[in-house]
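This report goes through one structure, its domains, its chain interface and a few local features. The sequence and coordinates come next.

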Amino acid sequence: MIRRTLPLALATTALVATSAAAQDVTLTIESWRNDDLVLWQDKIIPAFEATNPGIQVKFTPSAPAEYNAVLNSKLDAGSAGDLITCRPFDASLALYDAGHLTDLSDLEAMSNFSDVAKSAWQTDDGSASFCVPMASVIHGFIYNKDAFTELGIEVPTTEAEFFAALETIKEDGSYIPMAMGTNDQWEAATMGYNNIGPNYWKGEEGRLALIAGEQKLTDDAWVAPYATLAKWGAYLGDGYEAQTYPDSQNLFTLGRAAVYPAGSWEISGFNAQADFEMGAFKPPVRNAGDTCYISDHTDIGIGMNAASANPEAAREFLAWVASPEFASIFGNALPGFFPLSNTPVEMDDPLAKEFVSWRGECESTIRSTYQILSRGTPNLENETWGASVAAIKGTASPADLGADLQNGLASWYAPQQ
Amino acid sequence: MQTRRIRWHIGVFLAPAVIVYTAVMIFPLFNTLRLALYSKVEQERIFVGLENFRTLFFDPIWAEQFWNALGNNFWFFIIHMLVQNPIGIALAAILSHPRLRFAALYRSAIFIPTILSFVIVGFAWKLILSPIWGIAPGMLDAVGLKFLFAPWLGKEEYALTTLALISVWQFVGIPMMLIYAALLSIPEEILEAGEIDGITGASAFWKIKLPLILPSIGIISILTFVGNFNAFDLIYAAQGALAGPDFSTDILGTFMYRTFFGFQLQLGDPHMGSAIAGAMFAIILVGVCIYLFGIQTRMRRYQL
C-alpha cells in the first residue's frame, strides 16, 4: 500500500516551489554526478559567478542509478531545477518530446561543437539540439604499472597478448588478474561488452548497420565479443559473482588487482586513491595490425528546463558551458571527462592524456545500444547487461545470447524484423 | 416533542482520520487503478481499458517477467512462513518459560533488527557476505567449512533464498513478540489443570498453548503475506532495481518500480507500472479474503 502513495508524495513536493529574488537569480543544476560536487562548488561555479555577477548557481546532484527516475518525477511535478544534466540519447530525447527541455539550436555557442558531438542530443532528423554537449568518456583498461614491471609484462596490444598477460598474473598469484564483478551487472556490459566490442563490429560501421537493420545481433561480429568475455571469468577474483562495482574499484586501488576494465571517468577517483603508478591501454585488437576502434561515448550534456523561471540566466550559463573557457576548466578539473568542444584542450593528467591520445590513433564510436535501439521493451541496453553477465559466468552460450537479444530487438524494432 | 439532535461531534472526531487516510491512501489507490486503464500514445494520454493488463498477462515478454516476479514472490513468502514464523513461535515459547534468565535481554536483542532501516540491513549483510571483505568466508574458514562458502548474493540459485533469510533475520522479532504476548495471556489455572491431568512440559505446549495461540498465528501469517507481497526495499537496497543476478531476485515490488519509474536507458511507464500495482493489489486482496472468509471464520476459538 505504501508504494502506491509514492506518486502522490512526489507530487506534493511540487507545491514547495522555489522562489528567487528578481535581481539575484539562483540557477539550480540537476545532475547524477554526485562525485563531482566538490569540483563544481570549488572550481566551475566560482569561475562562472566571477564573470556573471547576479547569477548564483547551485549544483544539486542525486545518485546515478536513481537520477533518471528522480528527474522524471521532478519534471512531471514541476519541481526540477533550471538546468538539467542530460543523459545521452533517448532519455533526454523523451524529455524534449515531452516539452521539458528547450530547443537550443539558436544558441550561438552551439557552433563550437561537431555534428557527432551534438548527435547524442538531437531529434532523429537533427533539426533541434536540446542539450549543450559537455563531455565524453573513453573506454579502455587501466593497469598497475608496478605489478606489470614486477612480473615483466609488456602492455598488451593484441588479444593473444592480453590473455597471455592475464595468465602470467594468475600463475604468479600475488595479484588478482582483473578487477571486475558481475553483481551490479552494468560493468559487464559497459566495461566488458562495449569496451572490447567495437574492435569486432568495426565501430560506427557496425553500429549504424545494426540500426539500419543490415546486421543482426546473431552475426559473428556481435556474438564473438561474448565468446571473448566468457574467457574473462577465469581471471576475475574469487566470488566475482557477488563483487560490486565499488568492490572492484577498491580491489584495484588497494593494489590487489593488476588490470581494471575501465571507463575514463575513473581517473580522478583512482588518482586520489591509488598510491602506485597507473597506466592505460586501449582494448586489444584481435590480430596485430588491425585498425583499432574505441568507445568514445558522448556521456554528458546540459540543457534547460522549459519550465525554468529564469530562462535568460539559464541561457547565459549554457553559452558559457559551450565556451572554450569552460572546456578547459572542466577537462582539467575532471580528468577522464573529455570535452567535446572543437577547440582541443591540453590535458595535464598523464592518464587522461593517454586515454585522449587514442582519439588520434583509433576510430571513435559510441556504445552500440544507446542510440535508438533501447527505445522499446525489452530494453536492449538492460538485456545486454544480463547477457554480458551470463557470458562471463558461462551460464549461456554466446550463440544463445545473441539469438535472445535479436528476438527481443526484433519484437519491436521494425528494421530488424 | 423532542427533535433528535444532530450529533456533530461524531463527524468532527472522525474527520481528521478520514481526511488524512483518504488523501494519502484511498485516493492514490483508486487513482493508481484508474491510471492502469490508460496509455500514452504520442504524448497524449488515452483510455485503453484493460489493454495494459492483457499486455502484462499475455504478451510473452511482459508475462515472463510477471510470472517470474510472482513466482519469486511466492518463494519469498514460503521461506518466511517456513522459517520466520516457526522460529518466532519457538523463541516466544522459550522466552515465556518462567525459569529463563535474562529473558528481557534476549527479547530486546532479537527485536532490535526489526527497527533498523532496510538500507542498513541490506548494506550490512552485503558486507558480511561479501567474498572480498566479508566476515562470512573467514568465519567458515575458522571452523574448517570454507568449502561451503559461495558468493550467495551473486548466484542465481541462492540469491533469493539468501535475501529471504536476511529478511527473516530482520523480522523474526515481530511474530516472536505477538506470540509471546498471546502466551502470556493464557491463564495459569488452565496450565495447572493440565498439570494435574498429567500434561506437562512439551506436551503442555502442543496440547494446550498451541491451540490457544492459533488465532495469533493466523494473524501473523496474513501480516507476513501482505508484507512479503508488498516487499521491495530490501531487494532494492541489496541488488538494485534490476534485481540481479538475471532477475532471480525480482519480486513484484521491484518489477513495478522498474516499470513505473524506468531504469537506466529504460524510460518509466506509469501506466504499465500502475497495471502491475493493480495486479499486486488484487493478489493481496484475494489472499486476505481467502484468509478472512476461508480460514478465520472456521477457526475454533476458546473462551478464556
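## Domains, interface and local features

In chain A, 10 residues of domain 1 are in contact with 10 residues of domain 2. The model is predicted. The domain assignment of chain A gives domain 1 as 2-134 + 299-346 and domain 2 as 138-296 + 367-416. The C-alpha centres of domain 1 and domain 2 of chain A are 30 Å apart.

Between domain 1 and domain 2 of chain A the buried area is about 940 Å², with 56% of that area from carbon and sulfur atoms. On the side of domain 1 of chain A, Phe89(A), Asp90(A) and Pro335(A) lose the most area to domain 2 of chain A, and together they give 44% of what that side buries.

The polar part of the interface between domain 1 and domain 2 of chain A holds 2 salt bridges and 3 residue pairs in polar contact, both residues of each pair being at pLDDT 80 or more. The side of domain 1 of chain A that touches domain 2 of chain A consists of 6 nonpolar, 2 polar and 2 charged residues. A salt bridge also joins Arg375(A) to Asp124(A), with 3.0 Å between the closest N and O atoms.

The interface between chain B and chain A brings 42 residues of chain B into contact with 43 residues of chain A. The two interfaces are listed below.

| Interface | Buried area | Carbon and sulfur share |
|---|---|---|
| Domain 1 of chain A and domain 2 of chain A | about 940 Å² | 56% |
| Chain B and chain A | about 3,700 Å² | 62% |

How many salt bridges does the rule find across the interface of chain B and chain A? The count is 2 salt bridges. Glu241(A) and Lys155(B) form a salt bridge through their side chains, at 3.2 Å from N to O. Between chain B and chain A there are also 6 residue pairs in polar contact, both residues at pLDDT 80 or more.

Several elements of chain B give two or more residues to the side that touches chain A, among them α1 (8-35), α3 (60-95), α12 (252-261) and α13 (270-295). Of the elements of chain B, α1(B) gives the most to that side, with 7 residues. The residues of the side of chain B that touches chain A divide into 27 nonpolar, 10 polar and 5 charged.

Chain B as a whole contains 13 helices and 4 strands. Its C-alpha trace spans about 90 × 80 × 30 Å along the principal axes of chain B. Chain B has 304 residues, and 43% of them count as buried. Among contacts in chain B with a separation of 6 or more, 65% come from residues 24 or more positions apart.

Helix α3 of chain A covers residues 67-77, and its buried residues include Tyr67(A), Asn68(A), Leu71(A) and Leu75(A). After α3(A) comes Gly78(A), which has a positive phi near 80°.

Strand β4 of chain A (residues 132-144) contains Ile142(A). Is Ile142(A) buried or exposed? Ile142(A) is buried, because its relative accessible area is 0%. Leaving out residues up to four places away in sequence, Ile142(A) touches residues including Phe252(A), Tyr260(A), Phe270(A), Met278(A), Leu351(A) and Phe355(A). Phe270(A) is 128 residues from Ile142(A) along the chain, and their C-alpha atoms are separated by 9.7 Å.

Terms used:
Residues are numbered from 1 along each chain as its sequence is written. Chains are lettered from A and ligands numbered from 1 in the order in which they are written. This is a predicted model: local features need pLDDT of at least 70, side-chain atom pairs count only at pLDDT 80 or more; totals for chains, interfaces and linings use all residues. Side-chain values use heavy atoms; hydrogens and water are left out. Domain bounds come from an automatic or database domain assignment. Contact means heavy atoms within 4.5 Å. Buried area is the accessible area (1.4 Å probe) that two parts lose on being put together, summed over both. A salt bridge is a side-chain nitrogen of Lys or Arg within 4 Å of a carboxyl oxygen of Asp or Glu. A polar contact is a pair of N or O atoms within 3.5 Å; within protein, one must be able to donate a hydrogen and the other to accept it, and residues adjacent in sequence count only if both atoms are side-chain atoms. Ala, Val, Leu, Ile, Met, Phe, Trp, Tyr, Cys and Pro count as nonpolar, Asp, Glu, Lys and Arg as charged, and the others, Gly among them, as polar. Buried means under 20% relative accessible area, exposed over 50%, partly exposed in between (1.4 Å probe, protein chains only).
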